[in-house]
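Take a look at the sequence and the model below.

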Amino acid sequence: MKNLLRGIVIILLLSIILGAAVNFSLVRRFVRGEFKQGFLAQEEFPGIRFITLAEAEDLFARAGAVFIDSRSREEFAAGHVPGALNIPLEESRQRLSGGDLPYPQERTLVVYCEGGDCQTSISLAKLIHDRGFRDIRIFRGGWTEWSAAGLPVEPPR
Amino acid sequence: MERGRPSCGTTTMIRNKWVLFASRLAVGGLFLWAGVLKITDPLGFAQSIKNYRLFPHELAFIIAIILPWVEALCGAFLIVGVFRRSSALLVSLMLVGFIGLVALALLRGIDTSCGCFGSLSRKADLKLILLDTVLLYLTLNIIAPKQQRD
């Protein structure tokens, strides 16, 4: 029993030391608040950044971006940003391979999901980034923030 | 327990030492591989943890930094036979945690990949729970002291 516990303590201590040592720079960046919005390394996904409601509203007003909704079909049907394209995360690999994003790679894309702690917008943004798009904005406030702000919705209320 | 008399609790234990050795290699190899894949992409793994919508941001990061090393070390130790029972116990605890996490995700209707093998991860579903249960059974046999198996 003593040996069993000693082994566990050694393994856990080794893991903490190795994890902290190998990821030292990452831990420092985290402490500085770099990954507050989401776990995205800027050097790995240089074309993705997070935007606020005001920025999303501005892009919508200037018709300068394609909005992409990563929620399910049912949630999308219940209400979405006007003109948004629905690419549910579970269908994304198939849909993106099938050419469901017929835009030039320089086009600004705004990806959103429900808001709050939903994570599908980040996962979808990564997949789109892998397809070569280089101006992807993640609107973390998502549908909850958009609809609560009284901004245009489809179908109209 | 009286020596030599089989007990109800041990009748389903694996007794063959070669099967146990193969179990150690299989479970160890799988955990070593899973750990290494996550060590190479800690942020991706942190995001996978967040996708379960159960852990606060900071905790997801800490888990993503440490857990892959626990997996890799336990896997390596199981293969080489060092800290065999300690590693098996930690692997069992992790498997129980994974099963609970996937079950909770299914109950809450969260559709996500498991995050278990980095970018090669599969969907968090019932099949994954079944796979983890088989691994848990194999691992519990490794923890059991020799006299319980003989």
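In chain A, A:Phe50 stands opposite A:Ile138, a residue of strand 5. This is a predicted model.

Strand 5 of chain A has two partners described here. One is strand 1 of chain A, residues 48–51, which pairs with strand 5 in the parallel sense over 4 bridges. The other is strand 4 of chain A, residues 108–112; strand 4 and strand 5 also run parallel, joined by 4 bridges. Here A:Tyr112 has A:Phe139 of strand 5 as its bridge partner.

| Strand paired with strand 5 of chain A | Residues | Sense | Bridges |
|---|---|---|---|
| Strand 1 of chain A | 48–51 | parallel | 4 bridges |
| Strand 4 of chain A | 108–112 | parallel | 4 bridges |

How is the chain built around strands 4 and 5? Strand 4, helix 6 (residues 120–130) and strand 5 of chain A form a right-handed β-α-β unit.

Now look at the two faces of strand 5. In a regular strand, side chains alternate between the two faces of the sheet. Strand 5 of chain A spans residues 136–139, and both of its faces are covered. A:Ile136 and A:Ile138 are buried on one side. A:Arg137 and A:Phe139 are buried on the other.

### Chain A as a whole

Chain A has 7 helices and 5 strands. Along the sequence they follow the pattern α-α-β-α-β-α-β-α-β-α-β-α. The C-alpha atoms fill a box of roughly 65 × 35 × 30 Å along the principal axes. The radius of gyration of chain A is 20 Å, whereas a compact globule of 157 residues would have one near 15 Å. Buried residues account for 32% of the 157 residues in chain A. Consider the contacts in chain A between residues at least 6 apart in sequence: 69% of them join residues at least 24 apart.

### Where chain A meets chain B

Which elements of chain A supply at least two residues each to the side that touches chain B? First, the totals: 24 residues of chain A are in contact with 21 residues of chain B. Helix 1 (2–22) and helix 2 (24–31) of chain A each supply at least two residues of that side. Helix 1 of chain A gives the largest share, 12 residues. By class, this side of chain A has 16 nonpolar, 6 polar and 2 charged residues.

A:Asn23 sits in the loop between helix 1 and helix 2 of chain A. Is A:Asn23 buried or exposed? A:Asn23 is buried, because 21 other C-beta atoms lie within 10 Å, and 20 or more are needed to count as buried. Leaving out residues up to four places away in sequence, A:Asn23 touches B:Pro42 and B:Ile65. The C-alpha atoms of A:Asn23 and A:Gly38 are separated by 17 Å, and these residues are 15 residues apart along the chain.

### A covered helix in chain B

B:Pro42 leads us to helix 2 of chain B, where B:Pro42 is one of the buried residues.

Just after helix 2 of chain B comes B:Arg53, with a positive phi of about 55 degrees.

Terms used:
Residues numbered from 1 in each chain as written. Chains lettered and ligands numbered in written order. Predicted model: local features only at pLDDT ≥ 70, side-chain atom pairs only at ≥ 80, totals over all residues. Contact = placed C-beta atoms within 7 Å. Nonpolar A, V, L, I, M, F, W, Y, C, P; charged D, E, K, R; others polar. Buried ≥ 20, exposed ≤ 12 C-beta atoms within 10 Å, placed from the backbone. Pairing = 2+ DSSP bridges. Right-handed = clockwise from strand over helix to strand, strands pointing away. Rg over C-alpha atoms; globule rule 2.2 N^0.38 Å.
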